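Colleague: I am new to this structure. Can you show me how to read its helix packing?

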Amino acid sequence: MTDSAYSLREPSSIPDAILIVAGKGAYPVELAQGARAAGVTRIEAIAFKGETDSALTRVVDRIVWLRLGRLQDVLDAAAATGIRQVVLAGQITPTSLFHVRPDFETLRMLREIRVKNADTLFGRFCEELRKIGLSILPAWQFMHQTMPPAGLLAGPPPSPEQEHDIELGLQTAKALSGLNIGQTVAVKEGVILAVEAFEGTDATIRRAGSLGGAGIVVVKVARLGHDERFDIPVIGTRTLEVLRKVRAALLAVEAGRTIILEKPKVVDAARRQNLTLIAVDAGHGFFAR
């Protein structure tokens with residue numbers, strides 16, 4: 001069992017239609033493709049100008065483009081589809097929260113949330129969708145093929161020193177994630193260089209590289225008690241590019257709970273840059289001797 005309200009299992013039934021609320025990157029596109037392959041016959045999307053990749057238009061039946069910060073527009077557009085099964089997919093740029101022009105409903109929601117982080121903001125958004133009769137599917141729905149089991153995915157096996165750094169990163173990331181701070185920790189030779197806050201994974205990696213130089217170890221985990229309607233760790237080709245630029249040595253992700261977007265490209269990129277890419281079981285001491 002997972003430590004959240006959902007378990008990572010194949011759906012017992014495939015809905016006829018789904019609505020994707022789409023953020024950045026390849027995630028919404030891959031989810032739509034996975035849903036279509038699973039037998040979903042109607043797929044619609046709500047996308048955000050300046051955030052969502054326009055490639056999504058080619059893999060869904062209908063798409064509505066809105067601006068961030070317009071909660072009422074999102075609720076109205078979602079209700080108008082008549083679809084009751086919704087999946088949230090893709091990141092929203094964290095700092096967008098400070099630059100949008102919110103409507104009345106968004107302002108109301110923000111005023112009522114005292115501590116603002118991904119869990120509270122997206123959790124409240126899910127509640128607003130639920131109030132209009134929608135059901136939120138887990139974010140990993142139709143994405144099982146992208147979530148690797150424990151094992152080495154690319155690059156050389158970790159050294160004993162790197163194994164120690166991975167264990168330290170796992171322990172630290174899990175502890176901090178329970179405080180709703182972040183899911184990523186960067187370590188080098190037993191020194192914690194950076195922990196993820198509101199800036200996101202890529203900025204955390206860049207900060208760690210500026211401090212530790214080449215050879216850093218990056219660990220990304222699922223948050224303790226994470227809400228799988230929206231809180232799933234995701235990496236992709238952009239992550240690998242950031243790791244290449246800082247000359248990182250290793251990326252460890254949590255097995256079975258991390259989505260790897262464009263997985264063949266990610267694995268190939270890791271091999272080409274001689275980066276160790278490994279999925280580890282955070283709950284059972286992957287390197288226990």
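Colleague: Are α2 and α4 parallel or oblique to each other?

Modeller: Keep in mind that this is a predicted model. Angles under 35 degrees count as roughly parallel, and 65 to 115 as roughly perpendicular. Helix α2, residues 71-81, packs against helix α4, residues 118-131, at about 45°. The two are therefore oblique to each other. Their axes lie 10 Å apart. The crossing of α2 and α4 is right-handed.

Colleague: Which residues of α2 and α4 meet?

Modeller: From α2 come Leu71, Val74, Leu75 and Ala78. From α4 come Phe125, Glu128 and Leu129. By class, that contact holds 6 nonpolar residues, 1 charged and no polar.

Colleague: Take valine 74. Is valine 74 buried or exposed?

Modeller: Buried means under 20% relative accessible area. Valine 74 has 4%, so valine 74 is buried. Its place is in helix α2.

Colleague: What is valine 74 in contact with, leaving aside its neighbours within four places in sequence?

Modeller: Ile46, Phe48, Leu66 and Phe125. Valine 21 is 53 residues away from valine 74 in sequence, yet their C-alpha atoms are 8.8 Å apart.

Colleague: At what angle do α3 and α4 cross?

Modeller: At roughly 130°, with the axes coming within 11 Å. Helix α3 spans residues 104-112. These helices are therefore oblique to each other. Here too the crossing is right-handed. Arg108, Met109, Leu110 and Glu112 in α3 meet Leu121, Arg124, Phe125 and Glu128 in α4. That contact has 4 nonpolar and 4 charged residues, and no polar ones.

Definitions and conventions:
Residues are numbered from 1 along each chain as its sequence is written. This is a predicted model: local features need pLDDT of at least 70, side-chain atom pairs count only at pLDDT 80 or more; totals for chains, interfaces and linings use all residues. Side-chain values use heavy atoms; hydrogens and water are left out. Axes are lines fitted to C-alpha atoms, for helices over the stretch in contact, and angles run from 0 to 180 degrees between N-to-C directions. Helices (H or I, at least four residues) and strands (E, at least two) are DSSP runs, numbered from the N terminus. Angles under 35 degrees count as roughly parallel, over 145 as roughly antiparallel, 65 to 115 as roughly perpendicular and the rest as oblique. A crossing is left-handed if the near helix is turned anticlockwise from the far one by less than a right angle, and right-handed if clockwise. Contact means heavy atoms within 4.5 Å. Ala, Val, Leu, Ile, Met, Phe, Trp, Tyr, Cys and Pro count as nonpolar, Asp, Glu, Lys and Arg as charged, and the others, Gly among them, as polar. Buried means under 20% relative accessible area, exposed over 50%, partly exposed in between (1.4 Å probe, protein chains only).
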